[in-house]
Amino acid sequence: MNAAATSSLRRKCFKANIKMVVVKNSLLHKALMSIDDVDYSPLYGSLKGTTALLLCDTANAPAKLLKDKDYLKAGVPALKAAYAEESFYVGADQLDALVNIKSKNELIADVIALLQSPAKNVISALQSGGNTIHGILKTLEERPE
């Protein structure tokens with residue numbers, strides 16, 4: 001990547017609330033080994049060449065940024081590996097899987113929409129039934145005897 005593409009990527013990362021850090025592979029390997037909670041060994045094989053970490057709170061935000069067509073044309077390197085939502089994604093072919101991960105807010109919105117759907121159907125049915133009964137009564141009232 002040239003300097004202009006790198007600068008543009010850093011600006012986009014900043015706007016998307018993603019922290020971009022270029023790291024040394026050996027130091028990252030040692031840091032990952034020192035963490036006891038998770039076994040990061042699936043990521044060790046991808047620590048070759050230049051490595052940039054994209055860190056954020058939303059699991060799919062960096063993947064969406066890398067999937068942008070402008071960056072593909074600018075020569076942004078492909079995905080090496082990722083750890084998101086307690087899963088490992090190794091290889092550039094896993095980018096689509098990362099993009100499709102739903103964030104916590106998206107999952108909450110889906111659950112709320114599912115919970116609201118039956119209530120909306122009941123209310124709609126009651127309102128349409130009320131209009132139908134009202135129409136029948138009005139017709140019967142206006143009918144001559």
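Is Tyr-40 buried or exposed? With a relative accessible area of 12%, Tyr-40 is buried, since the limit for a buried residue is under 20%. The points below place this residue and several others in a model that is predicted.

1. Overall composition. The protein contains seven helices and four strands. Read from the N terminus, the order of these elements is α-β-α-α-β-α-α-β-β-α-α. The protein has 145 residues, of which 22% count as buried. Among contacts with a separation of 6 or more, 62% are between residues 24 or more positions apart.

2. Confidence. The average pLDDT of the protein is 78, and 81% of the residues score at least 70. The mean is highest in H2, at 89, and lowest in helix H5 (residues 69-74), at 60.

3. The aromatic pair. The structure has one aromatic pair. Its members are Tyr-40 and Phe-88, whose ring centres are 6.2 Å apart and whose planes stand at 90°, so the arrangement is edge-to-face. The reasoning rests on two cut-offs: centres must lie within 6.5 Å, and planes over 60 degrees apart count as edge-to-face. The pair links distant parts of the chain, as the two residues are 48 residues apart. Tyr-40 belongs to the loop between helix H2 (25-33) and helix H3 (41-44), whereas Phe-88 belongs to strand E4 (residues 87-90).

4. Pro-42 is found in helix H3 and is partly exposed, its relative accessibility being 37%. Leaving aside residues up to four places away in sequence, Pro-42 touches Phe-88 and Val-90. Pro-42 and Tyr-89 are separated by 47 residues in sequence, and their C-alpha atoms are 8.8 Å apart in space.

5. How many bridges join E3 and E4? There are four bridges, and the two strands pair in the antiparallel sense. One of the bridges joins Ala-84 to Ser-87 in E4. The strands form a hairpin with two residues between them, and Glu-85 in the turn has a positive phi of about 50°.

6. Ala-81. This residue lies in strand E3 (residues 81-84), and Ala-81 is partly exposed, with a relative accessible area of 24%. When residues up to four places away in sequence are not counted, Ala-81 touches Leu-43, Ser-46, Tyr-89, Val-90 and Gly-91. Ala-81 and Leu-95 are 14 residues apart in sequence, with a C-alpha to C-alpha distance of 9.2 Å.

7. The two sides of H2. Which residues of H2 are buried? They are Asn-25, Leu-28 and Leu-32. Seen down the helix axis, the buried residues of H2 fall within an arc of 65°, so they line one face of the helix. In general, an α-helix has 3.6 residues a turn, so residues three or four places apart point the same way. Leu-27 and Lys-30, on the other side of H2, are exposed. The cover over the buried residues of H2 includes E1, H3 and strand E2 (51-55).

8. The cysteines. The whole structure contains zero disulfides. Cys-13 is in no disulfide, and the nearest cysteine sulfur, that of Cys-56, is 9.1 Å away. That distance is too far for a bond, because a disulfide requires sulfur atoms within 2.5 Å. Cys-13 is buried, with a relative accessible area of 1%, whereas Cys-56 is partly exposed, at 28%.

9. A positive phi in a loop. Asn-17 is a residue other than glycine, yet its phi is positive, near 60°. Where is Asn-17 placed? Asn-17 lies in the loop between helix H1 (3-15) and strand E1 (19-23). With a relative accessible area of 61%, Asn-17 is exposed.

Terms used. Residues are numbered from 1 along each chain as its sequence is written. This is a predicted model: local features need pLDDT of at least 70, side-chain atom pairs count only at pLDDT 80 or more; totals for chains, interfaces and linings use all residues. Side-chain values use heavy atoms; hydrogens and water are left out. Rings of Phe, Tyr and Trp (its six-membered ring) pair if their centres lie within 6.5 Å; planes under 30 degrees apart count as stacked, over 60 as edge-to-face and the rest as tilted. Buried means under 20% relative accessible area, exposed over 50%, partly exposed in between (1.4 Å probe, protein chains only). Contact means heavy atoms within 4.5 Å. Two strands pair if DSSP finds at least two bridges between them. The arc is that of the directions from the helix axis to the C-beta atoms. pLDDT is the predictor's confidence in each residue, from 0 to 100.
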